Amino acid sequence: MDTSWKIMVVGAGTMGHGIAQCVAMAGFNVRIVDQFPGVLDKAKVLVKEHLEGMVREGRIDAELAEASFGRMEFHDDLEASATWADFVFEAVFEDLQVKRELFHRLGALTRPDVVLASNTSSFDIAKLCDVTQHPERVIGMHWFHPPQITPCIEVIPAGATSAETVETAKVIAEAVRKYPTACANSPGFVANRIQFAMAAEALAIVEEGLATPEEVDRIVTSSFGFRLSAFGPFEIADQAGIDVYLSIFKYLHEMLGRGQFAPPPLLEKMVQDGKLGLKSGAGFYNYGDGAADALRRTRDKRLFDRLALFRAERMDGSD
Ligand SMILES: NC(=O)c1ccc[n+]([C@@H]2O[C@H](COP(=O)([O-])OP(=O)(O)OC[C@H]3O[C@@H](n4cnc5c(N)ncnc54)[C@H](O)[C@@H]3O)[C@@H](O)[C@H]2O)c1
């Protein structure tokens, strides 16, 4: 993509300064705007320190660090930056009223073709379209902390969002070396809905006195959490066996009596149809034509690579 696009990031807090750094590292000129000059000063220091740390650790060379920092401007003038921008990332407080007021202003200040992408973690994107002139250019682009590192961006169109805006959001996400995936505009989108379901159970286990936070963290990071950066939940279910999953759901539901463990009809149907995952040749994915053997090899490679890292970080104390 053309890196001559000028990118504005509104909000220089936890997320905004990292998003701006990531965009600058990809070759774009960035203006990061905040209402508080003190926040901008702090953001400048954090970005500089982060880039210097990357150079020290040999992740990037000094030239890239210097050039990236040189492409960043820190501003408290929203109006001047809005007329300058070709694309806007919004990363202000998670407060719907604050975001609605900002989108109303941005809608009036920016060119009508400028995409306005919100980093909201939870709000309905339609509520931002409502208040914006030319709502077809409003979209959710949900980054994950720390944004300089974590690959995912959830791309969330609302009803009013145009196909062109979705395409631009994907292209720009890829241009900053992220891994975008479109998802529906519903509460928590995909990642936070799953993440908070897990957090609810982790908290319940601690509150019930079954394990300490440290024990939960040790178990999760060395078990399913260990696998999760290599495979998603449906890939893992296929590898474990859909019939095994169904039995566990039934037992948990019977013993704990909570709705979230009710055996999912989708799994019941798959078991009836003999789609048990990798072992039967089909599950959520198909494993014909040598795909099962290829997956076993990929699984082992990915997990052994992660095991070496895990042992170095957690067991051999080199972290
Ligand atoms: N913190 C996370 O882990 C995380 C992860 C993903 C998404 N998000 C989302 O990103 C957004 C920002 O979160 P954060 O953690 O960076 O918040 P933060 O509180 O650290 O930063 C928000 C910044 O926005 C500025 N701001 C507020 N209103 C403004 C306005 N009208 N104009 C200019 N600047 C304004 C504030 O001064 C502040 O510096 C939120 O929507 C949040 O839900 C956060």
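Predicted model: local features only at pLDDT ≥ 70, side-chain atom pairs only at ≥ 80, totals over all residues.
The domain assignment of the protein gives two parts: domain 1 covers 6-182 and domain 2 covers 223-311. Taken over C-alpha atoms, the centres of domain 1 and domain 2 are separated by 36 Å. Residues 188-287 are 63% helix and 0% strand, with 32 Å between the end C-alpha atoms.

Helix α1 consists of residues 16-25, and its axis comes within 10 Å of the axis of α2, crossing at roughly 50°. The crossing of α1 and α2 is right-handed. On the α1 side the contact is made by His17, Gln21 and Met25, and on the α2 side by Ala43, Leu46, Val47, His50, Leu51 and Met54. By class, the residues of this contact between α1 and α2 are six nonpolar and three polar, with no charged residue.

Helix α2 also meets α3. Here α2 is residues 37-56 and α3 is residues 62-70; their axes come within 9 Å and cross at roughly 165°. That angle makes α2 roughly antiparallel to α3. The crossing of α2 past α3 is right-handed. Lys44, Val47, Lys48, Leu51 and Val55 of α2 make the contact with Ala62, Ala65, Ser68 and Phe69 of α3. The residues in the contact of α2 with α3 divide into six nonpolar, one polar and two charged. Val47 and Leu51 of α2 are among the residues in the contact with α1 and also among those in the contact with α3.

Helix α11 spans residues 233-240 and helix α12 spans residues 242-256. Their axes come within 6 Å and cross at roughly 100°, so α11 is roughly perpendicular to α12. In α11, the residues Pro233, Ile236, Ala237, Asp238 and Ala240 meet Ile242, Val244 and Tyr245 in α12. The contact of α11 with α12 has seven nonpolar residues, one charged residue and no polar ones.

The peptide bond from His145 to Pro146 is cis, with omega near -10°. Pro146 belongs to the loop that runs between β6 (138-142) and β7 (152-157). The other detail concerns Arg177, which has a positive phi of about 65° although it is not a glycine. Arg177 sits in the loop between α7 (163-175) and β8 (179-182).

Key: Residues numbered from 1 in each chain as written. Heavy atoms only, no water. Domains from an automatic or database assignment. Axes fitted to C-alpha atoms, helices over the stretch in contact; angles between N-to-C directions. Helix = DSSP H or I, 4+ residues; strand = E, 2+ residues; numbered from the N terminus. Parallel < 35°, antiparallel > 145°, perpendicular 65-115°, else oblique. Contact = heavy atoms within 4.5 Å. Nonpolar A, V, L, I, M, F, W, Y, C, P; charged D, E, K, R; others polar. Left-handed = near helix turned anticlockwise from the far one by under 90°.
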